[in-house]
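Got the viewer open and a cartoon on screen? Here's a short tour, one selection at a time.

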Amino acid sequence: MTGLSAAYFLSHTYNVDVLESSAEAGGLLSSSPVHDTNIERYYHHCFSGDAHLIALMDELGLTADLIWLNGSTGYFSEGRLYPLTTPFEILRYPLLTVRDKIRLALLTLRAGKYKAASYDDMTADAFILNTCGRHVYDSFFTPLLRSKFGDRRHEVSAAWLISRIAIRSDRGPQGERLGYLRHGYQSLITALSDAVRRNGGAIHTGIPARTLEKTEKGVWMVNGAPYDVVVSTVRPSILTSIGGPHLPDIPHQGAACVTMGLSRDVLKGIYWVNIKDEAPYGAVIGHTNFAPFEWYGEHIVYLASYFQDNPPAGHEERMITDFCTRFGVSREEIRWHYMTTDTASGPVYTTGYRNLIPPDEVDGCYCSGMFSSPNYPERSMEGSIVAARAVADLILSRKVRHD
Ligand SMILES: Cc1cc2nc3c(=O)[nH]c(=O)nc-3n(C[C@H](O)[C@H](O)[C@H](O)COP(=O)(O)OP(=O)(O)OC[C@H]3O[C@@H](n4cnc5c(N)ncnc54)[C@H](O)[C@@H]3O)c2cc1C
């Protein structure tokens with residue numbers, strides 16, 4: 001998203017070449033074909049406050065395809081699935097006391113009012129313990145933090161947690177209002193790629209940037225070819241490893257996601273189910289309890305997990321076996337499945353993260369991506385577009401001055 005958006009914003013002025021190492025464009029937002037449509041390799045939805053994303057979709061002619069749906073939630077604990085969407089379901093939920101629920105409700109109401117960035121040096125652990133107490137920490141937040149950050153959860157900053165809660169507070173009695181594109185977010189990737197090409201740019205898939213070197217005249221060369229401007233949207237350590245400017249690395253984590261086609265709904269109509277007990281995945285996402293079932297003709301479910309460094313051996317099989325046992329699903333009910341992994345699926349927002357964010361330009365090379373300030377303290381499609389816009393505006397403003 002960052003690379004394609006930056007290419008699009010610059011393609012009105014420059015002849016742009018996009019180098020993408022994978023076989024297709026889209027990165028974390030890429031999709032696989034399923035029946036007559038596409039399904040994201042990693043579950044995606046947008047939020048009503050994603051002003052830049054919504055404006056870009058409009059500019060690309062996708063507004064009619066953007067639909068707003070209810071995202072229901074639930075918690076799975078010790079063999080039981082508890083719906084946790086409506087006020088009545090929340091009141092009835094037995095694993096939190098009334099006092100816990102009041103504290104959580106107050107935190108949710110106040111989340112948007114906190115200045116999240118000023119909590120960058122406090123751990124999420126300390127913040128939750130201060131505001132909600134030990135029981136809410138153990139029984140509500142620990143499973144969420146464990147599933148998202150694994151062993152590094154105790155290092156995560158309160159800034160991340162607060163902004164995460166604030167983003168996810170746009171909820172009515174039927175759940176969160178979340179946006180999805182008819183035909184999936186692949187239509188956004190396709191529309192962006194087409195727009196870049198229409199403006200004279202080229203997208204080279206399957207071609208990684210292998211080398212970056214600066215000539216004596218100060219021109220950056222990518223794979224041996226000179227460019228007036230180079231924008232990198234890869235993790236800073238990758239940029240440095242191929243010869244780019246030296247940047248402090250930003251800790252990233254990997255994501256492994258199993259996508260399955262099932263013959264029945266095992267999530268009682270719920271979209272997002274958090275797993276409270278220890279499991280090889282942290283959430284089960286019922287995509288067709290969100291996007292209309294009729295688009296696919298079968299129940300599509302994701303098993304979501306994050307990992308440090310590399311996914312554990314046999315991870316896909318372990319996730320599926322656990323899912324079958326935990327949710328009482330037989331193997332025959334899983335019609336197909338595949339796992340997608342990415343070792344740089346997002347930064348780990350440790351305390352002090354703000355100081356690691358690189359500037360948009362270092363030594364004449366521009367860089368922008370999930371690690372940039374518009375994606376702090378949480379990366380998103382919206383953040384990618386804002387980061388791309390900022391770096392493109394910087395480049396264009398310098399060009400005007402230079403011309
Ligand atoms: C499981 C999961 C769920 C998510 N859900 C949501 C959601 O619901 N809503 C939301 O807004 N956001 C969501 N996100 C976040 C969103 O997907 C990202 O913030 C966004 O897609 C990041 O885009 P990017 O271009 O910065 O990074 P990437 O998508 O990682 O793009 C980087 C690209 O660089 C390529 N590359 C790497 N090395 C090289 C090289 N040497 N040469 C050339 N190319 C290279 C990669 O192949 C990749 O295509 C989710 C992310 C994950 C992992």
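Is the crossing of α4 and α6 left-handed or right-handed? Before you turn the view, keep in mind that this is a predicted model.

**Stop 1: α4 against α6**

Select residues 98-111 for α4 and residues 134-149 for α6. The answer to the opening question is that the two cross in a right-handed way. Their contact is built from Asp100, Leu104 and Leu107 on the α4 side, with His135, Val136, Phe140 and Phe141 coming from α6. Sorted by class, that makes five nonpolar residues, one polar and one charged.

For the geometry, the packing angle is about 70° and the axes are 10 Å apart. Angles from 65 to 115 degrees count as roughly perpendicular, so that is the label for α4 and α6.

While you're on α4, click on arginine 99, which sits in this helix. Buried or exposed: which is arginine 99? Its relative accessibility is 58%, so arginine 99 counts as exposed.

**Stop 2: α5 against α6**

The crossing of α5 and α6 is right-handed. Show side chains for Asp125, Ile128, Leu129 and Cys132 of α5, then for Arg134, Val136, Tyr137, Phe141 and Leu145 of α6; these make the contact. Seven of these residues are nonpolar, none is polar and two are charged.

One more pick on α6: threonine 142 belongs to this helix. With a relative accessible area of 13%, threonine 142 is buried. Which residues does threonine 142 contact, leaving aside its neighbours within four places in sequence? They are Tyr137 and Arg153.

**Stop 3: the seven-stranded sheet**

Now bring up the strands. Seven of them form an open, mixed sheet, and the order to trace is β7-β6-β16-β17-β18-β15-β19. Go to the edges, β7 (80-83) and β19 (334-347): each has a single partner strand, so one side of each has no neighbour in the sheet. On average, neighbouring strands here are turned by 20° against each other, ignoring direction.

Zoom in on β16 (residues 272-275) and β17 (residues 283-286), an antiparallel pair joined by three bridges. Pick valine 273 and look across to β17: its bridge partner there is valine 284.

**Stop 4: the three-stranded sheet**

Next, select β14, β21 and β20. In that order they form an open sheet with mixed pairing. β14 (231-232) and β20 (361-362) are the edge strands, each pairing on one side only. How many bridges join β14 to β21 (residues 365-367)? There are two, and these strands run parallel. To find one of the pairings, pick valine 231, whose bridge partner in β21 is tyrosine 366.

**Stop 5**

Finish with a few backbone spots.

- Asparagine 223: look in the loop between β12 (220-222) and β13 (225-227). Its phi is positive, about 50°, although it isn't a glycine. With a relative accessible area of 35%, asparagine 223 is partly exposed.
- Aspartate 309: this one is in the loop between β18 (299-307) and α10 (315-327). Here too is a non-glycine with a positive phi, about 65°. Aspartate 309 is exposed, at 64% relative accessible area.
- Proline 377: find it in the loop between β21 and α11 (381-402). The peptide bond joining tyrosine 376 and proline 377 is cis, with omega at about 0°.

Technical notes
Residues are numbered from 1 along each chain as its sequence is written. This is a predicted model: local features need pLDDT of at least 70, side-chain atom pairs count only at pLDDT 80 or more; totals for chains, interfaces and linings use all residues. Side-chain values use heavy atoms; hydrogens and water are left out. Axes are lines fitted to C-alpha atoms, for helices over the stretch in contact, and angles run from 0 to 180 degrees between N-to-C directions. Helices (H or I, at least four residues) and strands (E, at least two) are DSSP runs, numbered from the N terminus. Angles under 35 degrees count as roughly parallel, over 145 as roughly antiparallel, 65 to 115 as roughly perpendicular and the rest as oblique. A crossing is left-handed if the near helix is turned anticlockwise from the far one by less than a right angle, and right-handed if clockwise. Contact means heavy atoms within 4.5 Å. Ala, Val, Leu, Ile, Met, Phe, Trp, Tyr, Cys and Pro count as nonpolar, Asp, Glu, Lys and Arg as charged, and the others, Gly among them, as polar. Buried means under 20% relative accessible area, exposed over 50%, partly exposed in between (1.4 Å probe, protein chains only). Two strands pair if DSSP finds at least two bridges between them.
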